[in-house]
Amino acid sequence: MQVDFCAQGGYVDSMGYDLSNTRAPIVPIQNTLAFLRKHGFHILHTREGHRPDLADCPANKRWRSKQIGAEIGSNGPCGRILVVGEPGWEIIPEVKPLPDEIVIDKPGKGSFVATNLDLILKTKGIQNIILAGVTTDVCVHTTMRHANDLGYECILLTDCCGATDPKNHDAAISMIQKQGGVFGTVTTSEKLITSLSTNLEASPTIGGQTRELTEP
């Protein structure tokens, strides 16, 4: 949930998409974060961005962004687009990480490539991941697919995700549910909180067994 994806003048806005689609998950994510933090669940945030010299930005990725009028590395209202350290690269204040929460900086769409996410999860003994963020069909889906291949159990919160096109969001949700849950499962934040509340009453130590991973 970065400025470049959710705020005026950022990457998504520069491409001409309706920001209401990528901002829609903010309140559900806030509610979910508040619940999970209260009960001691680990929260991990992800942040997409490239080195200022763009040495880690593939030429085809930069070329495609240029074709739609939002070239990665170019100057915009929020600084250089998708570049580490620029205002657009920051996570939006509405879901700002707490000081003790891990932020995974990634150069690509998925959160496992060229990062230490898998090592962190394994070191902490994490096997279950709750996914939230934007965009559903790109960063979130890529991360979920990779996590599934690595053996993690994944659940995606449908109201805590958003895409630049609602049809893409719906299609991404539908794909997850095929073949009995080919990549994991989906639910809403309200249902998750209700279910966890019931389980926490029965087993107060459950906090910390499932973690939330918020995408850009």
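## Packing of helix α9

The buried residues of α9 (buried: under 20% relative accessible area, 1.4 Å probe, protein chains only) pack against α4 (26-38), β5 (128-134), β6 (153-162) and β7 (185-187), with contact meaning heavy atoms within 4.5 Å. This is a predicted model, in which local features need pLDDT of at least 70 and side-chain atom pairs count only at pLDDT 80 or more, while totals for chains, interfaces and linings use all residues. Residues are numbered from 1 along each chain as its sequence is written, and side-chain values use heavy atoms, leaving out hydrogens and water.

## Geometry and faces of α9

Helices are DSSP runs of H or I with at least four residues, and strands are runs of E with at least two, numbered from the N terminus. Helix α9 has 14 residues (189-202) and should span 20 Å at 1.5 Å a residue, which agrees with the 20 Å between its end C-alpha atoms. The expected span is 1.5 Å times one less than the number of residues.

S189, L192, L196 and L200 are buried in α9. They lie on the same side of α9, because they cover an arc of only 60 degrees around the axis; the arc is that of the directions from the helix axis to the C-beta atoms. On the face turned away from this buried side are the exposed residues E190, K191, E201 and A202 (exposed: over 50%).

## Nonpolar cores

A nonpolar core is a set of buried Ala, Val, Leu, Ile, Met, Phe, Trp, Tyr and Cys residues joined through side-chain atoms within 4.5 Å. The largest has 36 residues, and M1, F5, Y11, I29, I92 and V95 have the most contacts inside it. Elements giving two or more residues to this core include α4 and α9; α4 gives the most, with 5 residues.
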